[in-house]
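Open the model in your viewer and keep the selection tool at hand. This tour goes stop by stop, saying what to select and what is there.

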Amino acid sequence: MPALIQVENLKKYFPVGGKLLVKQWVKAVDGVSFEIYEGETLGLVGESGCGKSTTARLLLRLEEPTDGKVLFEGKNIYKLRGRELKEFRRKANIVFQDPYTSLDPRMTVFDIIMEPIRVHKIDVGDPEQYVLKLLYEVGLNESHMYRYPHEFSGGQRQRIAIARVLALRPKFIVLDEPTSALDVSVQAQILNLLKDLQKKYNLTYLFISHNLAVVRYMSHRIAVMYLGKIVEIGDAEEIFESPLHPYTRALISLIPVPDPFQARKRKKLMIQGEPPNPINPPPGCRFHPRCPFAKDRCKKEEPKLIEYSKGHYVACWLYS
Ligand code: SF4
């Protein structure tokens with residue numbers, strides 16, 4: 001599979017204390033490199049504040065980076081201007097977590113879906129037929145076309161948000177916790193819809209969620225972030241069956257198991273303490289203050305992401 005997106009040494013530092021009196025920086029994303037292949041889902045996991053959402057915003061150029069680059073179809077997105085930038089904005093889009101706030105309450109479903117098409121001046125033939133086709137694609141129908149968002153359930157609103165993104169015929173979609181605001185009963189339906197659409201249109205997803213069971217279900221590969229860095233990346237099943245980094249092992253050991261017998265057998269690895277302050281991250285391995293395996297070297301030298309087995313990368317001195 002060719003890489004649709006190549007991320008190279010991407011950094012995003014936010015100033016603390018306003019731009020004039022900057023003495024310190026929050027290193028939200030601090031030198032990450034990875035690829036996302038065409039037609040795959042890359043899951044991005046980690047605790048809140050680890051840099052997942054900032055990474056996603058950088059990939060869509062909703063933020064400018066402090067350093068590094070993102071190549072989309074081989075072109076650096078931060079150098080795009082004019083027509084090329086507009087085309088990138090058509091091809092790369094996002095479905096937000098909260099379908100209650102992401103839709104304009106004063107617009108009908110028809111206008112919500114047509115709005116980006118009008119902005120991008122795309123010729124779709126008969127607009128009603130085009131919107132109707134999209135509604136069918138996401139499990140809605142003609143009776144929904146001229147209703148307002150408040151008339152729909154959370155799951156239906158998320159279907160409208162997906163139809164709006166699909167309307168632009170994108171290649172890449174960031175799914176930022178797309179089901180976490182929904183009832184459990186409808187979460188699986190939306191996840192299955194996203195999978196079906198991916199197969200049909202060869203869509204590429206970056207899937208962000210704090211729910212690891214959902215990430216496993218959705219993702220082909222998984223990247224684990226800790227304090228602005230990627231500490232492990234690889235095939236989703238391999239990461240869940242044989243996690244390498246102590247942080248990944250701890251995260252996975254804490255996933256609830258439905259079978260009480262299996263749950264008794266499973267050893268939980270608790271992560272001690274809170275994540276350190278991203279303004280002043282610890283030297284060496286950033287995970288060392290919380291790691292049960294930390295040695296002296298971990299406190300002084302930062303481990304690099306190395307390929308431990310084919311396609312499975314980890315940043316930890318236990319494997320170097
Ligand atoms: Fe733990 Fe050291 Fe590995 Fe960091 S490098 S995760 S501190 S063993």
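This is a predicted model: local features need pLDDT of at least 70, side-chain atom pairs count only at pLDDT 80 or more; totals for chains, interfaces and linings use all residues.

**Stop 1: the largest pocket**

Select Asn-93, Ile-94, Phe-96, Arg-164 and Val-165. Of the 20 residues lining the largest pocket, these are the closest to its centre. The volume here is about 420 Å³. Now colour helix H2 (82-91), strand S6 (92-95), helix H3 (109-120) and helix H5 (154-166). Each of these elements supplies at least two residues of the lining. What classes of residue make up the lining of this pocket? There are 13 nonpolar residues, four polar and three charged.

**Stop 2: the second largest pocket**

Move on to Lys-229, Ile-230, Glu-302, Pro-303 and Ala-315. They lie nearest the centre of the second largest pocket, which has 17 lining residues. Two elements give two or more residues to this lining: strand S2 (24-37) and strand S10 (229-235). Strand S2 gives the most, with four residues. The space inside is about 300 Å³. By class, the lining holds nine nonpolar, three polar and five charged residues.

**Stop 3**

Go back to H3, which you coloured for the largest pocket.

Show side chains at the contact. From H3, pick Val-109, Phe-110, Ile-113, Met-114 and Ile-117. From H4, pick Pro-127, Glu-128, Tyr-130, Val-131, Leu-134 and Leu-135. Ten residues of this contact are nonpolar, none is polar and one is charged.

**Stop 4: Ile-36**

Return to strand S2 and select Ile-36, which lies in it. Is Ile-36 buried or exposed? Its relative accessible area is 0%. Buried means under 20%, so Ile-36 is buried.

Next, show what Ile-36 touches, leaving aside neighbours within four places in sequence. Its contacts include Ala-3, Leu-4 and Ile-5. Leu-42, Leu-59 and Phe-172 are also among them. Thr-204, Tyr-205, Leu-206 and Arg-221 complete the list. Draw a C-alpha to C-alpha distance from Ile-36 to Phe-172: it reads 9.6 Å, although the two are 136 residues apart in sequence.

**Stop 5: helix H1**

Step just past H1 to Arg-61, where phi is positive, about 55 degrees.

**Stop 6: two glutamates with positive phi**

Select Glu-73, in the loop between strand S4 (67-72) and strand S5 (75-76). Its phi is near 50 degrees, a positive value in a residue other than glycine. Glu-73 has a relative accessibility of 37% and counts as partly exposed.

Finish at Glu-177. Look for it in the loop between strand S7 (172-176) and helix H6 (184-201). Glu-177 is not a glycine, yet its phi is positive, about 50 degrees. Where Glu-73 is partly exposed, Glu-177 is buried, with a relative accessible area of 11%.

Key:
Residues are numbered from 1 along each chain as its sequence is written. Side-chain values use heavy atoms; hydrogens and water are left out. On a 1 Å grid over the protein atoms alone, a cavity is a set of points where a 1.4 Å probe fits but cannot get out, and a pocket is an open set with protein on both sides within 12 Å along at least five of seven lines; lining residues have an atom within 4 Å of a point. Grid points are joined across faces, edges and corners, and a volume is the space filled by probe spheres set on the points. Ala, Val, Leu, Ile, Met, Phe, Trp, Tyr, Cys and Pro count as nonpolar, Asp, Glu, Lys and Arg as charged, and the others, Gly among them, as polar. Contact means heavy atoms within 4.5 Å. Buried means under 20% relative accessible area, exposed over 50%, partly exposed in between (1.4 Å probe, protein chains only).
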